[in-house]
Amino acid sequence: MIPPDPLAQLPVEVVYTSLDLFQVVLGVAILVVVVFIHGAGIRRISRYFSGRWVHVTTATPHWRVNLLFGTVVAQLVAVHLIEVVVWALPIYWLNLIPDLSSAAFFAAETYTTLGEGVVRLPPSWRQLGPIIAVSGLFTFGWTSSVLVYVMTQFGTLDTHHAERNKSLASDKAG
């Protein structure tokens, strides 16, 4: 008597999502490319910020400092959008999702860990989704650390403003 096949007992979707080494290798390769792009982008943005921040003093108008912050945030968003496209292109080229716009939507939705919505990969390619999500977790964590650094610099500037104002108030009172 032949024992029953355990996979035959499972729903079709579970069978299709069994480990596929090609998907995992492809996904990890793209993840590495995305992290490399993110690292290069973060270094560029950090150099941009540092190059401008060295000129900031307590006399620098607030609008200029806020403009610098807005520019840094816009650059961070641009890096993430490029990374979404890096995920979308192979999905489109492999014809997993038939149009580039939908492939980009799927990649963005998965990269941000929002989750699958109306656009889905074929059941046999579902393992790619979690790898895309992991890349988003890595890169958003890295972006968060950059924003913490930038905001720390802003906090230091605010402290210098407060110290300057306190000193000016003491000079007027004295």
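## The aromatic cluster

Which residues form one aromatic cluster? In this predicted model, the members are Phe49, Trp53, Phe69, Tyr149 and Phe154. Across the whole structure there are six aromatic pairs.

Take Phe49 and Tyr149 to begin with. Their ring centres sit 6.0 Å apart and the planes meet at 80°, so this pair is edge-to-face; the angle cut-off for that label is over 60 degrees. Phe49 belongs to helix α2 and Tyr149 to helix α5, so the pair links distant parts of the chain, 100 residues apart. As for cover, Phe49 counts as buried because its relative accessibility is 1%, while Tyr149, at 40%, counts as partly exposed.

Trp53 lies in helix α2 and Phe154 in helix α5, so here the pair ties together parts that are 101 residues apart in sequence.

Buried or exposed: what do Trp53 and Phe154 count as? Buried means under 20% relative accessible area. Trp53 has 13% relative accessibility, so Trp53 counts as buried. Phe154 has 10%, so Phe154 counts as buried as well.

## Helix α4 and its packing

Now for helix α4, which covers residues 100-111. Its 12 residues reach 16 Å from the first C-alpha to the last, close to the 16 Å expected at 1.5 Å a residue.

Which residues of α4 are buried? They are Ala103, Phe106, Ala107, Glu109, Thr110 and Tyr111.

Just after α4 comes a backbone detail worth a look: Thr113 takes a positive phi of about 60°.

Trp93 is found in helix α3, which runs over residues 62-93. Why does Trp93 count as exposed? Its relative accessibility is 63%, and exposed means over 50%, so Trp93 gets that label.

Technical notes:
Residues are numbered from 1 along each chain as its sequence is written. This is a predicted model: local features need pLDDT of at least 70, side-chain atom pairs count only at pLDDT 80 or more; totals for chains, interfaces and linings use all residues. Side-chain values use heavy atoms; hydrogens and water are left out. Helices (H or I, at least four residues) and strands (E, at least two) are DSSP runs, numbered from the N terminus. Buried means under 20% relative accessible area, exposed over 50%, partly exposed in between (1.4 Å probe, protein chains only). The expected span of a helix is 1.5 Å times one less than its number of residues. Rings of Phe, Tyr and Trp (its six-membered ring) pair if their centres lie within 6.5 Å; planes under 30 degrees apart count as stacked, over 60 as edge-to-face and the rest as tilted.
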